[in-house]
Amino acid sequence: MEKLVIDGGKILRGEVDINGAKNAAVAILPAAVLASNGKCLIENIPDIEDVHCLERILTDLGCKINKIDRNTLEVDATTIQRVDACTEDVRRMRASYYFIGALLSRFKEARVELPGGCPIGVRPIDQHIKGFEALGAKVSIEHGAVRVQAEELKGANIFFDVVSVGATINVMIAATLAEGTTSLENVAKEPHVVDVANFLNSMGADIKGAGTDIIRIKGVESLKGCNYSVIPDQIEASTFMIAAAATKGNILIKNVIPKHLESISAKLIEMGVKIEEGDDTVRVYVDEPLKGVNIKTAPYPGFPTDIQQPMSTLLSSVSGRSIITETIWESRHKHIDELKKMGADIKVEGRTAIIDGVKRLTGAIVKATDLRAGAAMVIAGLIAEGVTEIHSIEHIDRGYPHIENKFKDLGASICRKEVE
Ligand code: EPZ
């Protein structure tokens, strides 16, 4: 077990490179199972624990994985031997549910253990199941696993009851080899949804409309290997934007798509943060006192739920009252108790956090209650007076590649240590 130890109060300055998007990569790797001919060479894959988990699951299914370098994987799914994914790795992570859609699409059957993931609220998969059934699959839950089977898959019109990233991607994957045309409505429009569609199209799929209200998928006979590069991670980029603002620093954040960061940039600008956009960079700096703002999370292009926790740290340290309303997950304020140990003045009422900015946070022993909560605690440690120890950092390692090295390069005093 490891912990992060941060001696706070350093102003962050310099440049940081953003990795490939976790939530795109964790769908693209299972989707690579669809290539019945040729290999997929996938670049810009983040070097994170969730990806390592998926590599093990793919290997267990019989795929050959060739790690070209830290961020490039070659996946050969022509050698696949099994359609059941029921290991500890499958249970540990959320994105393992994409194997249901991928195996169903290619083999017309699958058995995949129910997924785990961050403890941020009830995480149903009823919309995934609704989509698979509409395509003609029989779905049952047996002994903690989802079992799907179909004689054949046929295109269908599917209107999702809620906007779900996972269901949109999973049913899109399942429909790529279905006979005829599928249309998906009330879909998620996140950049990673578009990235997965682009990946599938590179493999020979016929998907149009990803990123808009309706996705249309014309079924094709088979998919083949391709070369692909994952988009930059909008949440990792946003985390560094917030860290720059919180430490009153000046950071050039490189390898980003500024358009994907607009809702975050808009809120930071409203607070008084300065942002300069380049073609694939954003510079973030502070030259005046910042003020509190109100935030309501929403599906893309709204303010992402995945960045509200790091924002709560920043808002704790600026003058005035801020209100964060979380509309996607019902338990995404668990980190607030940890922030309070550091002196934050926050009241949680249901899904709303009412934050009154304090003059300073002070170092304490805290834990990462989930992935983005972990990022919130790292930023708190960076701005706090004195030393902060963050425990349970396995949550952070699931989604942020080498977080301590990136912050160290920006001037932070941060290191990873074994827990005694
Ligand atoms: C994805 O989770 C992300 N995870 C989450 O990021 C992110 O918070 C979330 O999308 C929203 O943007 C991955 O991509 C692996 P949803 P997902 O299906 O797909 C309800 C992070 O920090 N819902 O879009 O599981 C659900 O309860 C992680 O990187 C149903 O009711 O989320 C929620 O209220 C945490 N039925 C809402 O929809 C369903 O069948 C959105 O969930 C599916 C979802």
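Predicted model: local features only at pLDDT ≥ 70, side-chain atom pairs only at ≥ 80, totals over all residues.

Helix α9 (residues 262-271) and helix α10 (residues 308-316) have axes that come within 13 Å and cross at roughly 5°. Angles under 35 degrees count as roughly parallel, so α9 is roughly parallel to α10. Where do they meet? Lys267, Leu268 and Met271 of α9 are in contact with Met311, Leu314 and Leu315 of α10. Sorted by type, the residues of this contact are five nonpolar, no polar and one charged.

A second pair is formed by helix α6 (residues 165-175) and helix α7 (residues 191-202), whose axes come within 10 Å and cross at roughly 10°. These two helices are therefore also described as roughly parallel to each other. On the α6 side, the contact is made by Val165, Thr168, Ile169, Met172 and Ile173, while α7 brings His192, Val193, Val196, Ala197 and Leu200. Here the count is eight nonpolar, two polar and no charged residues.

The table puts the two pairs side by side.

| Helix pair | Axes come within | Crossing angle |
|---|---|---|
| α9 and α10 | 13 Å | roughly 5° |
| α6 and α7 | 10 Å | roughly 10° |

Now for the cores. In soluble globular proteins, nonpolar side chains tend to be buried together. Which residues have the most contacts inside the largest nonpolar core? They are Ile42, Phe199 and Leu200, in a core of 80 residues. Leu200 also belongs to the contact between α6 and α7. A second, separate core has 67 residues, among them Leu4, Val318, Met377 and Ile390.

Beyond the residues up to four places away in sequence, Ile42 touches several partners, including Ile28, Leu73, Phe199 and Thr72. Let's look at that last partner. Thr72 sits in strand β6 (residues 72-76). Is Thr72 buried or exposed? Its relative accessibility is 9%, and because buried means under 20%, Thr72 counts as buried. Its side chain makes a polar contact of 2.9 Å with the side chain of Asp69. Setting aside neighbours within four places in sequence, Thr72 is in contact with Leu41, Ile42, Glu43, Asn66 and Lys67.

Our last stop is Asp60, which lies in helix α2 (residues 49-61). With a relative accessible area of 32%, Asp60 is partly exposed. Leaving out neighbours within four places in sequence, Asp60 is in contact with Arg82 and Thr87. Asp60 and Ala27 are 33 residues apart along the chain, and their C-alpha atoms are separated by 17 Å.

Note on methods:
Residues numbered from 1 in each chain as written. Heavy atoms only, no water. Core = buried A, V, L, I, M, F, W, Y, C linked by side-chain atoms within 4.5 Å. Buried < 20%, exposed > 50% of the residue type's maximum accessible area, 1.4 Å probe, protein only. Contact = heavy atoms within 4.5 Å. Helix = DSSP H or I, 4+ residues; strand = E, 2+ residues; numbered from the N terminus. Polar contact = N/O pair within 3.5 Å; in protein donor to acceptor, adjacent residues only side chain to side chain. Axes fitted to C-alpha atoms, helices over the stretch in contact; angles between N-to-C directions. Parallel < 35°, antiparallel > 145°, perpendicular 65-115°, else oblique. Nonpolar A, V, L, I, M, F, W, Y, C, P; charged D, E, K, R; others polar.
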